[in-house]
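Take a look at the fold below.

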Amino acid sequence: MSGSLLEVRGLEAAYGRARVLFGVDLEVGAGGLMCVMGRNGVGKTTLLNAVMGVLPPTAGTVLFDGEDVTGLPTHERVRRGMGYVPQGHETFPQLTVAENLQVTLEASRHRDRGAIDEALAVFPRLTELLNRRAGFLSGGQQQQLAIARALVTRPRMLILDEPTEGIQPSIVAEIETAIERLHREDGLAVLLVEQYLELALRLADTFVIIEGGLVRRSGTAADLRDAEVKRLLAV
Ligand SMILES: Nc1ncnc2c1ncn2[C@@H]1O[C@H](COP(=O)(O)OP(=O)(O)O)[C@@H](O)[C@H]1O
Ligand SMILES: [Mg+2]
């Protein structure tokens, strides 16, 4: 028994002949929070897409809660508790905030309306915007909606790709607080791609740094202060 909720083994991914990941290994325990770090273009988004089956990996395995999900379609992984918030705050722009949450609920396994209220309690700002079309929200509000949609599925693990990228500082703080609470109070496991070292230092239990298509460095939050980490992340 490893106790891991997510276990990634030897994951390889490519776009046509361009190989991006050469065998990534990582593990996130139930209730753990891991930051995936690395410079722009190293393959962090590719890794999350491969973990979710959005981009089928060319080799390797993804185990969730001890089960091999490598061959499953993305929606089946979501149903098993992998909540994904892709980079760039994806929402349905023509639908209102309420409708965005409703369609996600209808696609969820549990279909319990209470999940919408729970997600809105995490981002109270959204309750005043329920009738607004998502396309008319600010980038930060859209990111909150994208996370809220993932929460409506009642995930066991939240997988977030740079949730604070390009977002106004006031909402960055709200998103950080929300992630921290979900993790520390509700025990939600989190896999977070994050470029800001300071934010990673505050949130992470563990981290991996990707370079050259592999995990070059891993450790606990305290190790993020090492000089080598700064070198691997320096632009
Ligand atoms: N759809 C795609 N088609 C071809 N190449 C891609 C595609 N998406 C990303 N890449 C390339 O794969 C590499 C990794 O990209 P990405 O995973 O987005 O990196 P990161 O998220 O770490 O910034 C980059 O060289 C990027 O140009
Ligand atoms: Mg990316």
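Strand β3 (residues 33-37) and strand β8 (residues 189-193) run parallel and pair over four bridges. Here, strands pair if DSSP finds at least two bridges between them. Strands (E, at least two residues) and helices (H or I, at least four) are DSSP runs, numbered from the N terminus. One bridge joins Leu-33 to Val-190 in β8. In general, strands of a sheet pair through backbone hydrogen bonds, either parallel or antiparallel.

This is a predicted model: local features need pLDDT of at least 70, side-chain atom pairs count only at pLDDT 80 or more, and totals for chains, interfaces and linings use all residues. Residues are numbered from 1 along each chain as its sequence is written, chains are lettered from A and ligands numbered from 1 in the order in which they are written, and side-chain values use heavy atoms, without hydrogens and water.

Now the whole sheet. Six strands form an open sheet with mixed pairing, in the order β6-β7-β8-β3-β9-β10. Its edges are β6 (82-85) and β10 (214-220), each pairing on one side only. From one strand to the next, the twist averages 15°.

Helix α5 lies across β6 and β7 (157-161). Its direction is about 165° to β6, with axes fitted to C-alpha atoms, for helices over the stretch in contact, and angles from 0 to 180 degrees between N-to-C directions.

Gln-141 sits in α5 (residues 139-152). Is Gln-141 buried or exposed? Gln-141 counts as buried because its relative accessible area is 14%; buried means under 20%, exposed over 50%, and partly exposed in between (1.4 Å probe, protein chains only). Leaving aside neighbours within four places in sequence, Gln-141 contacts Arg-125, Leu-126, Leu-129 and Ile-171 (heavy atoms within 4.5 Å).
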